Amino acid sequence: MISAAPKPILYSYFRSSCSWRVRIALALKGISYDLVPVNLLKDGGQQFSAEFKAVNPMQQVPALKIDGITLSQSLAIIHYLEDTHPNPRLLPQDPKKRAQVRMIADHIVSGIQPLQNLNVLKQIGEKKTEWAQNCIASGFQALEQILQHTAGQYCVGDEVSMADLCLVPQVSNAERFKVDMGLYPTITRINKALLELEAFRVSHPSRQPDTPAELRA
């Protein structure tokens, strides 16, 4: 008798936007997994432990153990899930739309999120809120303009794509840092539509095993 493949293990932090992207992808593709919480604030940051460094030498979440390999970097993980579980599709077949999806995802993943993540804000110190607001606002000004050309119901047309998986966690960050979302009606509209979908709801930071009681939905 062939034993079943072990369940994937996701190392995640409830509030990490990078982890949330991967949780959405796993939910959309119907992949069940075991979650190992890595608290980025507790014990000086559990990501810096020797145990977790062995999982991900970059000492960041998420990391996913799946099919005998360990992957880090949210987009690399999502691309792997796309290659191995092609339904539902997160990258359009049309090359132009596919490029637009990748462009929007990169815009958020490379151009906005790293500038306001925990490591950077620690270095900035007391002006961290103002710094985060400025980084997100300048990125969102550009993104709002791009989405006016690409969006249908979602970021690119009417199908959920990798771009949407990046958008929702970034809007959540913006709201946490009290960015004025009234300036970005297209982003706000798409975000609202996506949050009505089950995969985005179950993966939400307010509904994770490691969510503190006071932040639970």
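**Overall architecture and selected residues of the predicted model**

Of the 217 residues in the protein, 45% are buried, where buried means under 20% relative accessible area, exposed means over 50% and partly exposed covers the range in between (1.4 Å probe, protein chains only). The structure is a predicted model, in which local features need pLDDT of at least 70 and side-chain atom pairs count only at pLDDT 80 or more, while totals for chains, interfaces and linings use all residues. Residues are numbered from 1 along each chain as its sequence is written, and side-chain values use heavy atoms, with hydrogens and water left out.

The protein contains nine helices and four strands, these elements being DSSP runs numbered from the N terminus (helices are H or I with at least four residues, strands are E with at least two). Taken along the principal axes, the box filled by the C-alpha atoms is roughly 55 × 45 × 30 Å.

Among the contacts with a separation of 6 or more, 65% are accounted for by residues 24 or more positions apart, a contact being defined by heavy atoms within 4.5 Å. The accessible surface of the protein comes to about 11200 Å², and 53% of this surface belongs to carbon and sulfur atoms; the areas come from the Shrake-Rupley method with a 1.4 Å probe, and for residues only the protein chains shown count as cover. There are 23 positive and 20 negative side chains, and the centres of the two sets lie 2 Å apart. In this count Lys and Arg are positive and Asp and Glu negative, whereas His and the chain ends are not counted, and each charge is placed at NZ of Lys, CZ of Arg, CG of Asp or CD of Glu.

The domain assignment gives domain 1 (9-87) and domain 2 (95-200), with bounds that come from an automatic or database domain assignment. The centres of domain 1 and domain 2, taken over C-alpha atoms, are separated by 20 Å, and 15 residues of domain 1 are in contact with 20 residues of domain 2.

Arg-21, in helix H1 (residues 17-28), counts as buried at 1% relative accessibility. When residues up to four places away in sequence are not counted, Arg-21 touches Ser-74, Ile-78, Val-109, Gln-113, Leu-165, Cys-166 and Pro-169. Arg-21 and His-204 are 183 residues apart in sequence, and their C-alpha atoms are 9.7 Å apart in space. Asn-191, found in helix H8 (residues 185-194), is likewise buried, with a relative accessible area of 7%, and touches Leu-167, Val-168, Val-171 and Glu-175, again not counting residues up to four places away in sequence.

Ala-99 lies in helix H4 (residues 95-111) and is partly exposed, with a relative accessible area of 45%. Ala-99 and Lys-122 are 23 residues apart in sequence and 34 Å apart in space, C-alpha to C-alpha. Gln-46 belongs to the loop between strand S2 (34-37) and helix H2 (50-55) and is partly exposed at a relative accessible area of 24%. With residues up to four places away in sequence not counted, Gln-46 touches Pro-37, Val-38, Asn-39 and Phe-52. The C-alpha atoms of Gln-46 and Gln-59, which are 13 residues apart in sequence, are 8.8 Å apart in space.

Several loops carry backbone features of note. A cis peptide bond with omega of about 5° joins Val-61 and Pro-62, and Pro-62 is found in the loop between H2 and strand S3 (63-66). The peptide bond from Asn-87 to Pro-88 is also cis, with omega near -10°, and Pro-88 has its place in the loop between helix H3 (74-84) and H4. Asp-67, in the loop between S3 and strand S4 (69-72), has phi near 55°, a positive value in a residue other than glycine, and is exposed, with a relative accessible area of 52%. Gln-73, which lies in the loop between S4 and H3, has a positive phi of about 70° although it is not a glycine, and counts as partly exposed at 44% relative accessibility.
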